[in-house]
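These are my notebook entries on a structure that I went through element by element. I kept each entry brief.

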Amino acid sequence: MSRHSGTEVLRYTAFSADPEGGNPAGVVLDASGLDEAAMLAVAAELGYSESAFLTRQGGPGEAGARDGTGEPGDAGAREYTIRYFSPKAEVPFCGHATVATALALAERDGPGDLVFRTPAGTVPVTVTREGAELRATLTSVEPEVLDIAPADLAEALAALDWPAADLDPALPPRIAFAGARHLVLAAATRERLADLSYDFARLEALMHRLDLTTLQLVWRQAPDVFHVRDPFPVGGVVEDPATGAAAAAFGAYLRDRSLVPGTAVLTLHQGEDMGRPGTLTVELRADDARVRVSGTGTRIGD
């Protein structure tokens, strides 16, 4: 545990059991005394792509009434209100910080079911123990997939310096949402995905205009295996090493475009090109529009 701006902050990496892999996040298990400015200051000082702040806790079934959502919780689940901040701004949902927080709570209180009340909606999380490792599975809010205007797509490609001919025509560009909005762009080759050097300010301006959290850049290795990268200039970060919210949105995109079966388990590899490899598992169920994203993680030593 460390202190940032006087606040006790845990540091975890999500989607890797190696502290040098996955995506690091700050976790504040009791942020009840912090206002928005203080949370942003902690996130900025820490410098990770996102940090999570638990602002309220309730027993099973209590948090919905207490935080004004009016939504009942899962029976027996521990409930929390959670907020997420990048070094530059609050974000509505962050998958890797959700996993990191769930693992921190499981190490403190034991595995089990959790309910997080996020600005984007209710996100159930289950933490299980698999051998020596804890594994967290989050269930997204209801997803949505939208078209992108040709002019906006052209601007995104120009900011990336990606020729349109380098895109995979089998995976057409779309904006996908499962708690946050992401522009999905598929590279035709692994080499195209690996070569990422973009105009930070130009891409940031477009993303603000389209209310995007990241770009989900993907390359399909196999029918159910993908390599992904996520530029995140709106958060003040060049690239996010492992992005659970984008993974959930991408799962919704694949199902919407009928690119995978209605029931499927997908493997996403992220962070390899940054030297922080991580693995995200995405589960789709034919009887549930929501998307499940799971992974392991570990505490980062102080």
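I took buried to mean under 20% relative accessible area, exposed over 50%, and partly exposed in between, with a 1.4 Å probe and protein chains only. I noted that the model is predicted, that local features need pLDDT of at least 70, that side-chain atom pairs count only at pLDDT 80 or more, and that totals for chains, interfaces and linings use all residues. Residues are numbered from 1 along each chain as its sequence is written, and side-chain values use heavy atoms, with hydrogens and water left out.

Entry 1, helix α1. I took helices (H or I, at least four residues) and strands (E, at least two) as DSSP runs, numbered from the N terminus. I looked up which residues of α1 (residues 36-46) are buried and found Met-39, Val-42, Ala-43 and Leu-46. These cover an arc of only 95° around the axis, so they lie on the same side of α1; the arc is that of the directions from the helix axis to the C-beta atoms. Their cover includes β1 (2-4), β2 (7-14), β3 (23-28), β4 (50-58) and β5 (78-85). After α1 comes Gly-47, with a positive phi near 85°.

I found α4 (residues 150-160) packed on α6 (residues 200-210) at an angle of about 150°, with the axes 9 Å apart. The pair is therefore roughly antiparallel, a term for angles over 145 degrees, whereas under 35 is roughly parallel, 65 to 115 roughly perpendicular and the rest oblique. Axes are lines fitted to C-alpha atoms, for helices over the stretch in contact, and angles run from 0 to 180 degrees between N-to-C directions. I then looked up the residues in contact (heavy atoms within 4.5 Å). From α4, Asp-152, Glu-155, Ala-156, Ala-158, Ala-159 and Leu-160 meet Arg-202, Leu-203, Leu-206, Arg-209 and Leu-210 of α6. By class, I noted seven nonpolar, no polar and four charged residues in this contact. Ala, Val, Leu, Ile, Met, Phe, Trp, Tyr, Cys and Pro count as nonpolar, Asp, Glu, Lys and Arg as charged, and the others, Gly among them, as polar.

Most residues other than glycine have a negative phi, and most peptide bonds are trans. I found that Phe-15, not a glycine, has a positive phi of about 75°. Phe-15 sits in the loop between β2 and β3 and is buried, at 2% relative accessibility. Ser-258, also not a glycine, has a positive phi of about 55°. Ser-258 lies in the loop between α7 (244-256) and β16 (264-270) and is exposed, at 62% relative accessibility.

I located Gly-22 in the loop between β2 and β3, where Gly-22 is buried at 0% relative accessibility. Beyond its neighbours within four places in sequence, the contacts of Gly-22 include Phe-15, Pro-241 and Arg-276. Gly-22 and Thr-296 are 274 residues apart in sequence, with C-alpha atoms 9.3 Å apart.

Which strand holds Thr-126? I found Thr-126 in β8 (residues 121-130), partly exposed with a relative accessible area of 33%. Its C-alpha atom is 5.3 Å from that of Thr-137, eleven residues apart along the chain. Not counting residues up to four places away in sequence, Thr-126 touches Gly-112, Asp-113, Arg-135, Ala-136 and Thr-137.
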